[in-house]
Amino acid sequence: MSAAAFTAIRGQSRHHVRNGIQDMILSGQARPSAKLRQRHLAEKFGVSQAVVREALLELEAFGLTETIENRGVFVTQISTEKLLESYEVRAVLEGLAAKLCCLTSPRGEIQKLMSVAENICQAGLAGRLLEAGMLDRTLHENLMRLAGNGMLGRLNEHCKLLHKVLQGTRDFHVVRDEHLAVLKAIEEGRADDAERRMKEHILSGKKYFHDLIMEGKFVPFWLQEKVELKTRTGETPE
């Protein structure tokens, strides 16, 4: 096997392990402050401990893990303050992405995303919040892709990961109208307007979750799902 092929396979393995550990954290399987044991993870994913170490370093850069000297690697406490701060960064990055889309995006792609915006609204109104959240991420990820700037996408990766812990019930008609306003501005080539509207959309999401936090109603989505499950089965929520 050539050195280039070996490097490519190792990179794919690291990506697989990183995504696997990331899902463990964001699904609540690996709780905040839990120790991530490299030997156990290497056995779980069928890779070397060296690959696990590389994956954990990437997750530390995203803010999901932290290394404590002489103790090991632990799951980071994902604070509400960090979540709100990430909205401010995301507003800048995705605002720029919307602006760049005016230069790179074909009309057909934008029209497809308009359909996604409508589907988000319908799923949300029907109470299918997980589906609505997945569609919302699809819409935003595609705009980042259409911006055609790889570095911008990588910078936004951290914020995107943090927002997987969020699940809300914002007015889905408002969310749809905000999405469509951004997409319409991109379709018509109004770059500054597209950037402004995207920033406003992201920051309105920040305000929604800020208000939930201030009212003591914010709960990460994996805990919401556990409460919902126990309610359906007649168990008493923890």
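Two residues are in contact when they have heavy atoms within 4.5 Å of each other. Keep that rule in mind as we walk through this predicted model, where local features need a pLDDT of at least 70, side-chain atom pairs count only at pLDDT 80 or more, and totals for chains, interfaces and linings use all residues. Residues are numbered from 1 along each chain as its sequence is written, and side-chain values use heavy atoms, with hydrogens and water left out.

Setting aside neighbours within four places in sequence, Ile186 touches Ala98, Cys101, Cys102, Ser105, Ile110, Leu143 and Ala194.

Now for the overall plan. The protein has 10 helices and 3 strands, where helices (H or I, at least four residues) and strands (E, at least two) are DSSP runs numbered from the N terminus. Follow the sequence and you get α-β-α-α-β-β-α-α-α-α-α-α-α.

Back to Ile186, which belongs to a meeting of two helices. Ala98, Cys101 and Cys102 in H4 meet Val182, Ala185 and Ile186 in H8. That contact has 6 nonpolar residues and no polar or charged ones. Here Ala, Val, Leu, Ile, Met, Phe, Trp, Tyr, Cys and Pro count as nonpolar, Asp, Glu, Lys and Arg as charged, and the others, Gly among them, as polar. H4 covers residues 80-104 and H8 covers 172-187; they pack at an angle of about 35 degrees with their axes 8 Å apart. The axes are lines fitted to C-alpha atoms, for helices over the stretch in contact, and angles run from 0 to 180 degrees between N-to-C directions.

What lies inside? Of the protein's 238 residues, 42% count as buried. Buried means under 20% relative accessible area, exposed means over 50%, and partly exposed is in between (1.4 Å probe, protein chains only). In soluble globular proteins, nonpolar side chains tend to be buried together. A nonpolar core is a set of buried Ala, Val, Leu, Ile, Met, Phe, Trp, Tyr and Cys residues joined through side-chain atoms within 4.5 Å. The largest one has 37 residues, and Ile110, Leu139, Leu143, Leu183 and Ile186 have the most contacts inside it. H4, H5, H6 (129-146), H8 and H9 each give two or more residues to this core, and the largest share, 9 residues, comes from H4. A second, separate core of 20 residues includes Val17, Phe45, Val52 and Ala55.

Next come the charges. Side chains of opposite charge can pair when their charged atoms come close. How many salt bridges does the whole structure have? A search finds 22, each being a side-chain nitrogen of Lys or Arg within 4 Å of a carboxyl oxygen of Asp or Glu. One joins Lys99 to Glu195, with the closest N and O atoms 3.7 Å apart. This pair ties H4 to H9 (residues 191-214) across 96 residues. Lys99 is partly exposed at 30% relative accessible area, while Glu195 is buried at 17%.

Another salt bridge pairs Arg107 with Glu187 (3.4 Å, N to O). Arg107 sits in H5 (residues 107-125) and Glu187 in H8, 80 residues apart. Arg107 counts as exposed, with 55% relative accessibility.

Finally, Asp193 pairs with Arg190, their closest N and O atoms being 2.2 Å apart. Is Asp193 buried or exposed? At 15% relative accessibility, Asp193 is buried, whereas Arg190 is partly exposed at 31%. Salt bridges with shared partners join Arg107, Lys184, Glu187, Glu188, Arg190, Asp193, Arg196, Arg197 and Glu200 into one network.
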